[in-house]
Amino acid sequence: MREIQKRVLAGLCLAPPIVAIFYFLPQGWFFIFLALVSVIAATELVRMSNIKGKYLILLLIAASLVPLYRQSPHAFIIWLLFSPAIYLVAVCRHMKGEREKVNGDIMTAVNTLFLGQVCIVLPLFYFYLLKGL
């Protein structure tokens, strides 16, 4: 079976349980479910990017859920701006003479962090808000 057929079949099999979870799960538990989905998606994103400091990136992406859950968009924007700085400080502290390719690795990691926060966490949070309507 080709790869696209596997993905379509998986999507068709997963759609009914996702719709049931959306309608029948209470809002708090639904947020926890979406947080798990976002962590799994971020794990795949970090794995595809092949960067150093994978767990730090995952932690920073998962931490971006906190200001969203508290419904503080200003705090999320501040976190979005300062989380790359946290990553940069952590990388500079643990860098031991490894100067080759470090700029490219940092840019890849910051891009991955930004994509994880904006393209994974934020849309799933708006899906959570949709349930509250």
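Phe-127 is partly exposed, with a relative accessible area of 30%. The model in which this residue is described is a predicted one. A pair of aromatic rings is described by the distance of the centres and the angle of the planes. For Phe-22 and Phe-30, the centres lie 5.5 Å apart and the planes stand at 75 degrees, an edge-to-face arrangement. Phe-22 counts as buried because its relative accessibility is 15%, and Phe-30, at 1% relative accessibility, likewise counts as buried.

Phe-22 also pairs with Phe-127: the ring centres are 5.1 Å apart and the planes are at 25 degrees, so this pair is stacked.

## The aromatic cluster

The structure contains ten aromatic pairs. One aromatic cluster is formed by Phe-22, Tyr-23, Phe-30, Phe-33 and Phe-127.

## Packing of helices α2 and α6

Helix α2 (residues 27–49) packs against helix α6 (residues 102–132) with the axes 10 Å apart and at an angle of about 160 degrees. The two helices are therefore roughly antiparallel. The crossing of α2 past α6 is right-handed.

On the α2 side, the contact is made by Gln-27, Phe-30, Phe-31, Leu-34, Val-37, Ser-38, Ala-41, Ala-42, Leu-45, Val-46 and Ser-49. On the α6 side, the contributing residues include Thr-108, Thr-112, Leu-115, Gly-116, Ile-120, Val-121, Leu-124, Phe-125, Phe-127, Tyr-128 and Lys-131. By class, the residues of this contact comprise 15 nonpolar, seven polar and one charged.

## Two residues with positive phi

Most residues other than glycine have a negative phi. Asn-50, which is not a glycine, has a positive phi of about 55 degrees. This residue is found in the loop between α2 and α3 (54–63). With a relative accessibility of 62%, Asn-50 counts as exposed.

Gln-71 is also not a glycine and has a positive phi of about 55 degrees. Its place is the loop between α4 (65–69) and α5 (73–94).

Terms used:
Residues numbered from 1 in each chain as written. Predicted model: local features only at pLDDT ≥ 70, side-chain atom pairs only at ≥ 80, totals over all residues. Heavy atoms only, no water. Axes fitted to C-alpha atoms, helices over the stretch in contact; angles between N-to-C directions. Helix = DSSP H or I, 4+ residues; strand = E, 2+ residues; numbered from the N terminus. Parallel < 35°, antiparallel > 145°, perpendicular 65-115°, else oblique. Left-handed = near helix turned anticlockwise from the far one by under 90°. Contact = heavy atoms within 4.5 Å. Nonpolar A, V, L, I, M, F, W, Y, C, P; charged D, E, K, R; others polar. Phe/Tyr/Trp six-rings, centres within 6.5 Å; stacked < 30°, edge-to-face > 60°. Buried < 20%, exposed > 50% of the residue type's maximum accessible area, 1.4 Å probe, protein only.
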